[in-house]
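Keep the model open while you read.

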Amino acid sequence: TEQNADPDRLITEMVSRLDAQGAQNAGRERVSLADAMAQRLDQARREAAGETDRVRIPTGDGNLNEYLRGGWRPTWLVGIAGAQKQGKTALATGFARASGRAGFPTLVISQEMAAVELAERELAARAEVPIEAIDDGPRDSEWHSLVAAAATARGQRFEIVDRPVDWAR
(Lines give C-alpha, C1' and ligand atoms only; values in the text may rest on other atoms or scores of the structure.)
Protein backbone atom coordinates (compact mmCIF):
# COMPACT_ATOMS: atom_id res chain seq x y z
CA THR A 1 0.00 0.00 0.00
CA GLU A 2 1.35 3.41 -0.94
CA GLN A 3 2.23 5.91 1.77
CA ASN A 4 -0.30 8.49 0.56
CA ALA A 5 -2.96 5.98 -0.43
CA ASP A 6 -6.60 6.96 -0.47
CA PRO A 7 -8.28 5.88 2.81
CA ASP A 8 -11.36 4.62 0.94
CA ARG A 9 -9.13 2.36 -1.14
CA LEU A 10 -7.35 1.15 2.01
CA ILE A 11 -10.64 0.26 3.68
CA THR A 12 -11.94 -1.44 0.53
CA GLU A 13 -8.71 -3.43 0.27
CA MET A 14 -8.88 -4.41 3.95
CA VAL A 15 -12.52 -5.50 3.68
CA SER A 16 -11.71 -7.48 0.52
CA ARG A 17 -8.87 -9.23 2.30
CA LEU A 18 -11.14 -10.09 5.23
CA ASP A 19 -13.80 -11.37 2.84
CA ALA A 20 -11.23 -13.44 0.94
CA GLN A 21 -9.88 -14.88 4.17
CA GLY A 22 -13.39 -15.76 5.28
CA ALA A 23 -14.11 -17.45 1.95
CA GLN A 24 -10.81 -19.32 2.13
CA ASN A 25 -11.58 -20.56 5.63
CA ALA A 26 -15.24 -21.38 4.86
CA GLY A 27 -14.31 -24.51 2.92
CA ARG A 28 -11.87 -25.82 5.48
CA GLU A 29 -12.53 -29.06 7.17
CA ARG A 30 -12.42 -29.41 10.90
CA VAL A 31 -9.04 -29.81 12.52
CA SER A 32 -8.64 -32.00 15.55
CA LEU A 33 -7.11 -30.52 18.66
CA ALA A 34 -4.27 -33.05 18.41
CA ASP A 35 -3.47 -31.95 14.84
CA ALA A 36 -3.62 -28.27 15.78
CA MET A 37 -1.25 -28.95 18.68
CA ALA A 38 1.13 -30.79 16.36
CA GLN A 39 1.06 -27.84 13.95
CA ARG A 40 1.85 -25.40 16.77
CA LEU A 41 4.71 -27.56 18.04
CA ASP A 42 6.14 -27.74 14.52
CA GLN A 43 5.85 -23.95 14.25
CA ALA A 44 7.64 -23.55 17.61
CA ARG A 45 10.41 -25.91 16.46
CA ARG A 46 10.91 -23.92 13.25
CA GLU A 47 10.96 -20.62 15.17
CA ALA A 48 13.51 -21.98 17.67
CA ALA A 49 15.69 -23.27 14.82
CA GLY A 50 15.57 -19.86 13.12
CA GLU A 51 13.79 -21.28 10.09
CA THR A 52 10.95 -18.78 10.43
CA ASP A 53 10.50 -15.45 12.19
CA ARG A 54 8.36 -15.05 15.27
CA VAL A 55 6.63 -11.82 14.34
CA ARG A 56 4.97 -9.78 17.06
CA ILE A 57 3.69 -6.22 16.77
CA PRO A 58 4.52 -4.11 19.83
CA THR A 59 1.64 -2.53 21.72
CA GLY A 60 3.69 0.24 23.31
CA ASP A 61 2.87 -1.12 26.78
CA GLY A 62 5.45 -3.43 28.31
CA ASN A 63 2.97 -5.18 30.60
CA LEU A 64 0.54 -5.80 27.76
CA ASN A 65 3.36 -7.03 25.50
CA GLU A 66 4.37 -9.45 28.25
CA TYR A 67 0.78 -10.62 28.70
CA LEU A 68 0.46 -11.15 24.93
CA ARG A 69 3.83 -12.97 24.87
CA GLY A 70 5.56 -10.32 22.78
CA GLY A 71 2.75 -8.21 21.35
CA TRP A 72 -0.05 -8.51 18.83
CA ARG A 73 0.15 -11.32 16.30
CA PRO A 74 -0.03 -10.38 12.62
CA THR A 75 -3.15 -12.51 12.12
CA TRP A 76 -5.17 -10.64 14.76
CA LEU A 77 -7.70 -7.95 13.95
CA VAL A 78 -7.79 -5.70 17.01
CA GLY A 79 -10.76 -3.48 17.73
CA ILE A 80 -11.35 -1.21 20.71
CA ALA A 81 -14.88 -0.27 21.63
CA GLY A 82 -16.56 1.52 24.49
CA ALA A 83 -18.56 4.55 25.49
CA GLN A 84 -17.57 7.98 24.23
CA LYS A 85 -15.04 10.02 26.21
CA GLN A 86 -13.51 6.98 27.93
CA GLY A 87 -10.02 7.16 26.42
CA LYS A 88 -10.27 4.42 23.82
CA THR A 89 -9.07 6.77 21.05
CA ALA A 90 -5.98 7.67 23.08
CA LEU A 91 -5.39 3.99 23.84
CA ALA A 92 -5.81 2.97 20.20
CA THR A 93 -3.53 5.70 18.87
CA GLY A 94 -0.91 4.71 21.44
CA PHE A 95 -1.06 1.15 20.13
CA ALA A 96 -0.93 2.48 16.57
CA ARG A 97 2.06 4.70 17.39
CA ALA A 98 4.03 1.72 18.72
CA SER A 99 3.12 -0.34 15.66
CA GLY A 100 4.15 2.44 13.28
CA ARG A 101 7.46 3.02 15.08
CA ALA A 102 8.22 -0.67 14.66
CA GLY A 103 7.66 -0.34 10.91
CA PHE A 104 4.25 -1.99 10.62
CA PRO A 105 1.59 -0.35 8.42
CA THR A 106 -1.17 1.07 10.58
CA LEU A 107 -4.74 2.15 9.92
CA VAL A 108 -6.73 4.01 12.59
CA ILE A 109 -10.45 4.33 11.98
CA SER A 110 -12.07 6.87 14.27
CA GLN A 111 -15.76 7.54 14.39
CA GLU A 112 -15.34 10.13 17.14
CA MET A 113 -12.45 12.42 16.25
CA ALA A 114 -11.36 14.22 13.10
CA ALA A 115 -7.98 13.35 11.61
CA VAL A 116 -6.61 16.78 12.51
CA GLU A 117 -7.59 16.22 16.17
CA LEU A 118 -5.88 12.83 16.18
CA ALA A 119 -2.86 14.47 14.54
CA GLU A 120 -2.75 17.10 17.29
CA ARG A 121 -2.67 14.36 19.94
CA GLU A 122 -0.03 12.44 18.03
CA LEU A 123 2.12 15.53 17.55
CA ALA A 124 2.03 16.28 21.27
CA ALA A 125 2.72 12.66 22.26
CA ARG A 126 5.54 12.10 19.77
CA ALA A 127 7.16 15.47 20.46
CA GLU A 128 6.67 15.03 24.22
CA VAL A 129 5.08 18.49 24.35
CA PRO A 130 1.95 19.35 26.34
CA ILE A 131 -1.02 19.44 23.97
CA GLU A 132 -1.94 22.87 25.34
CA ALA A 133 1.35 24.23 23.97
CA ILE A 134 0.07 23.69 20.42
CA ASP A 135 -2.94 25.94 21.10
CA ASP A 136 -1.05 28.46 23.23
CA GLY A 137 1.86 28.87 20.83
CA PRO A 138 4.80 26.54 21.31
CA ARG A 139 8.13 27.82 22.60
CA ASP A 140 11.09 27.58 20.21
CA SER A 141 12.27 24.24 21.65
CA GLU A 142 8.72 22.89 21.43
CA TRP A 143 8.42 24.01 17.79
CA HIS A 144 11.59 22.11 16.99
CA SER A 145 10.25 18.96 18.67
CA LEU A 146 6.87 19.27 16.91
CA VAL A 147 8.44 19.74 13.47
CA ALA A 148 10.77 16.77 14.08
CA ALA A 149 7.82 14.60 15.14
CA ALA A 150 5.88 15.56 12.01
CA ALA A 151 8.90 14.77 9.84
CA THR A 152 9.30 11.34 11.43
CA ALA A 153 5.63 10.56 10.77
CA ARG A 154 6.18 11.14 7.03
CA GLY A 155 8.28 7.99 6.85
CA GLN A 156 5.63 5.78 8.45
CA ARG A 157 2.66 3.99 6.88
CA PHE A 158 0.15 5.40 9.37
CA GLU A 159 -3.27 6.23 7.92
CA ILE A 160 -6.35 7.76 9.55
CA VAL A 161 -9.98 7.43 8.50
CA ASP A 162 -12.10 9.91 10.41
CA ARG A 163 -15.69 9.13 9.55
CA PRO A 164 -18.15 6.35 10.23
CA VAL A 165 -17.48 3.19 8.29
CA ASP A 166 -20.20 0.85 7.02
CA TRP A 167 -18.70 -2.60 7.64
CA ALA A 168 -21.84 -4.34 6.36
CA ARG A 169 -20.97 -3.69 2.69
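The charged end of R126 lies over the ring of F158, at 5.4 Å from the ring centre. The model is predicted. R126 is among the buried residues of helix α5.

**Helix α5**
- Helix α5 covers residues 115-127, 13 residues in all.
- At 1.5 Å a residue the helix should span 18 Å, and its end C-alpha atoms are 18 Å apart, so expectation and model agree.
- Buried positions in α5 are L118, E122, A124, R126 and A127.
- Their cover includes helices α4, α6 (131-136) and α7 (140-154), along with strands β1 (106-109) and β2 (158-161).
- E128 follows α5 and has a positive phi, near 55°.

**Aromatic pair**
- One aromatic pair turns up in a search of the whole structure.
- The pair joins W72 and F95 in an edge-to-face arrangement, with 5.1 Å between centres and 80° between planes.
- It links distant parts of the chain: W72 is in the loop between α3 (62-67) and α4 (88-101), while F95 is in helix α4, 23 residues apart.
- W72 and F95 are both buried.

**D135**
- Helix α6 contains D135.
- Is D135 buried or exposed? D135 has 63% relative accessibility, so it counts as exposed, the cut-off being over 50%.
- D135 and E120 are 15 residues apart in sequence, and their C-alpha atoms are 9.6 Å apart in space.

Definitions and conventions. Residues are numbered from 1 along each chain as its sequence is written. This is a predicted model: local features need pLDDT of at least 70, side-chain atom pairs count only at pLDDT 80 or more; totals for chains, interfaces and linings use all residues. Side-chain values use heavy atoms; hydrogens and water are left out. Rings of Phe, Tyr and Trp (its six-membered ring) pair if their centres lie within 6.5 Å; planes under 30 degrees apart count as stacked, over 60 as edge-to-face and the rest as tilted. Helices (H or I, at least four residues) and strands (E, at least two) are DSSP runs, numbered from the N terminus. Buried means under 20% relative accessible area, exposed over 50%, partly exposed in between (1.4 Å probe, protein chains only). A charge sits over a ring if NZ of Lys or CZ of Arg is within 6 Å of the ring centre and within 35 degrees of the ring normal. The expected span of a helix is 1.5 Å times one less than its number of residues. Contact means heavy atoms within 4.5 Å.
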